[in-house]
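Subject: Structure handover

Hello,

Here is the structure to go with your notes.

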Amino acid sequence: MTHLRIFCCKEHVELALDVLVDETEDVPLLKTVDNYEELSTNCEYCNETAIYLVENK
C-alpha cells in the first residue's frame, strides 16, 4: 500500500479527503499540522499555509 500525504488549507480539506479516498480506497486520517512539521508548508492546491495533513494509515 502506498503511503499518501496531502498538506492542505481549511478551504481544500474536503478535496484532499476525497482525493485520498479515491486514490487509496482507505479511511483517511485528518491531522493538524503541528510545530514539528515544516512551518513553511503550503497547501498542495493553493499557496495558503497548510493547516491540515490528510494521510492514509
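In what order do the strands of the open sheet lie? The model is a predicted one, and its open sheet of 3 strands runs β1-β3-β2 with antiparallel pairing. The edges are taken by β1 (5–8) and β2 (29–32); each has a single partner strand, so one side of each has no neighbour in the sheet. On average, neighbouring strands are turned by 25° against each other, direction ignored.

Between β1 and β3, which run antiparallel, there are 4 bridges. Ile 6 stands opposite Val 54 in β3. Helix α1 (residues 13–24) packs on the sheet and touches β1, β2 and β3, with its direction at about 15° to that of β3.

The whole structure has 2 salt bridges. In one of them, the side chain of Glu 55 meets that of Arg 5 (3.9 Å, N to O). Glu 55 belongs to strand β3 and Arg 5 to strand β1, so this pair ties together parts 50 residues apart in sequence. Glu 55 also meets Lys 31 through their side chains (2.7 Å, N to O). That pair links strand β3 with strand β2, the residues being 24 apart. Glu 55 counts as buried because its relative accessibility is 6%, whereas Arg 5 at 37% and Lys 31 at 36% are partly exposed.

Finally, Asn 56 lies in the segment after β3 (52–55). Asn 56 is buried, with 1% relative accessibility, and its side chain reaches the backbone nitrogen of Leu 4 at 2.7 Å.

Regards

Terms used: Residues numbered from 1 in each chain as written. Predicted model: local features only at pLDDT ≥ 70, side-chain atom pairs only at ≥ 80, totals over all residues. Heavy atoms only, no water. Helix = DSSP H or I, 4+ residues; strand = E, 2+ residues; numbered from the N terminus. Buried < 20%, exposed > 50% of the residue type's maximum accessible area, 1.4 Å probe, protein only. Polar contact = N/O pair within 3.5 Å; in protein donor to acceptor, adjacent residues only side chain to side chain. Pairing = 2+ DSSP bridges. Axes fitted to C-alpha atoms, helices over the stretch in contact; angles between N-to-C directions. Contact = heavy atoms within 4.5 Å. Salt bridge = Lys/Arg side-chain N within 4 Å of Asp/Glu carboxyl O.
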